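Dear colleague,

Please find the structure below, handed over for your records.

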Number of protein chains: 2
Amino acid sequence: MPLFMDVHDKVEGLTAEAVGNAHQADLAVQGAYGVDYKQHWFDEGTGKVFCLVEAPDAEAATRVHREAHGLVADQLIPVREGA
Amino acid sequence: MPLFMDVHDKVEGLTAEAVGNAHQADLAVQGAYGVDYKQHWFDEGTGKVFCLVEAPDAEAATRVHREAHGLVADQLIPVREGA
């Protein structure tokens, strides 16, 4: 399944707790769209978030974020993982 | 040890082979600086590369890239991995 890295440039008021809650919301929604949010990383200082996600296509990955918490990524890049 | 995500916005002429070679060069250099390039993802279409790296500080992570292959990241963000 295609793999993507998404980038949220600046989530206002970002906290570790808010990121955790948003991720749980993604997990609750993603099954309906065949999406798997696999890993994510964040920085409270800048509000930056990176999500690694497997999805049938970019639109499905975006749809999960939109329905789960409304925080749609600023960029969504198709990627391959290097060995 | 601090964790960082770096972003290379557009590596000209990027290929999977070139990324693999650059990563091997990082691995050969990083031990001298206590750095660990853990995972990386890339997109040949856009030339984008993301590297997840543990390092004593940002400068050490950058130094490894500079000495190994000269491709220094455009951004280097301190991150925490979400659960």
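**Salt bridges within and between the chains**

R63(A) and E67(A) lie four residues apart in helix α2 (residues 58-68) of chain A, so about one helical turn separates them. These two residues form a salt bridge, with their closest N and O atoms 3.3 Å apart (a salt bridge being a side-chain nitrogen of Lys or Arg within 4 Å of a carboxyl oxygen of Asp or Glu). R63(A) is partly exposed at 39% relative accessibility, and E67(A) is partly exposed at 45% (buried means under 20% relative accessible area, exposed over 50%, and partly exposed in between, with a 1.4 Å probe and protein chains only). Helices (H or I, at least four residues) and strands (E, at least two) are DSSP runs, numbered from the N terminus.

This is a predicted model, in which local features need pLDDT of at least 70 and side-chain atom pairs count only at pLDDT 80 or more, while totals for chains, interfaces and linings use all residues. Residues are numbered from 1 along each chain as its sequence is written, chains are lettered from A and ligands numbered from 1 in the order in which they are written, and side-chain values use heavy atoms, leaving out hydrogens and water.

Over all chains, the structure holds eight salt bridges. One of them joins E44(A) and R80(B) (4.0 Å, N to O). This pair crosses between chains, from the loop between β2 (36-43) and β3 (48-54) of chain A to strand β4 (residues 75-81) of chain B.

In chain B, D9(B) and K48(B) also meet in a salt bridge, at 3.9 Å from N to O. The pair links distant parts of the chain, 39 residues apart. D9(B) is partly exposed at 34%, whereas K48(B) is buried at 8%.

Yours sincerely
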